[in-house]
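Please look through the structure shown below, and keep the sequence beside it while you read.

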Amino acid sequence: MVSVTRGGLALAITAVIAGPPLVAGPAGAAPVPAAATGSTVAGWRAAAAPQPGVPGPNVFVEVSPSTVEPGFLVGIKASCRDNSVPAIVVSDAFGRVQAQPHRGVLTAKPMVRERTRPGNYRVKLECRDGETASTMLQVVKAVKPSRGPATGFGGGAGGATGGLLLPGGLALTLTGLVLAVVASRRPRTVRGAARR
């Protein structure tokens, strides 16, 4: 025959209503909130592991300048979780380059291909651990400086007169030098000797 006391029965009912028993931990240890932890493993909560392909807070890629003409270099600054190993940066504007570790970040300086058409191009960072980040690079049409109006001898002078400025100035300078040499070799007359 099993005897149950009133106090034992009350304790058993309270334990069932309150839920599963708590695992004993160090004295004074604070409970871990469920929102700050990841998946449950054998009754314990483990920290969430990073998911491949989803950029973390310190995974990024930047291009400078963000607008460039074909044939020019762009600077790439990137970061993965581990910046001690190289990462790959890919874009249709310049192809596939390797970003090297430099002062705590990853850097590269690719050249935009000469035949790249104007438009917006995606620049994608591929880290070794599978994380990625991306940004955009705008390629614009190469702008050739236009000539100013031919109004005189200024920098905008063009045509036949523009091509004659340098040779004409050189000819005048040489003529002046020759005349100076000839004048210095002529014998000089004394003022009083000419009058008799």
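On the surface, Leu170, Leu174 and Leu177 form a nonpolar patch with about 310 Å² of accessible area together; such a patch is made of residues with over 30% relative accessible area and no salt bridge, with nonpolar side chains (Val, Leu, Ile, Met, Phe, Trp, Tyr) joined within 5 Å and like charges within 9 Å. Areas of this kind come from the Shrake-Rupley method with a 1.4 Å probe, and for residues only the protein chains shown count as cover. Leucine 170 is found in helix H2, residues 159-185, and at 54% relative accessibility it counts as exposed, where exposed means over 50% relative accessible area, buried under 20%, and partly exposed in between (1.4 Å probe, protein chains only).

This is a predicted model, in which local features need pLDDT of at least 70 and side-chain atom pairs count only at pLDDT 80 or more, while totals for chains, interfaces and linings use all residues. Residues are numbered from 1 along each chain as its sequence is written, and side-chain values use heavy atoms, with hydrogens and water left out.

The protein chain holds two helices and ten strands, which are DSSP runs numbered from the N terminus (helices H or I, at least four residues; strands E, at least two). Of its 196 residues, 20% count as buried.

What lies inside? The largest nonpolar core has 24 residues, among which Ile76, Val89, Phe94, Leu125 and Leu137 touch the most other members; a core of this kind is a set of buried Ala, Val, Leu, Ile, Met, Phe, Trp, Tyr and Cys residues joined through side-chain atoms within 4.5 Å. Among the elements that give two or more residues to this core are strand S5 (75-79), strand S6 (87-91) and strand S9 (119-126). In soluble globular proteins, nonpolar side chains tend to be buried together.

A search of the whole structure finds two salt bridges, each being a side-chain nitrogen of Lys or Arg within 4 Å of a carboxyl oxygen of Asp or Glu. In one of them, the side chains of glutamate 131 and arginine 81 meet at 3.0 Å, N to O. Glutamate 131 lies in the loop between S9 and S10 and arginine 81 in the loop between S5 and S6, so the pair ties together parts that are 50 residues apart in sequence. Glutamate 131 counts as buried, at 3% relative accessibility, whereas arginine 81 is partly exposed, at 42%.
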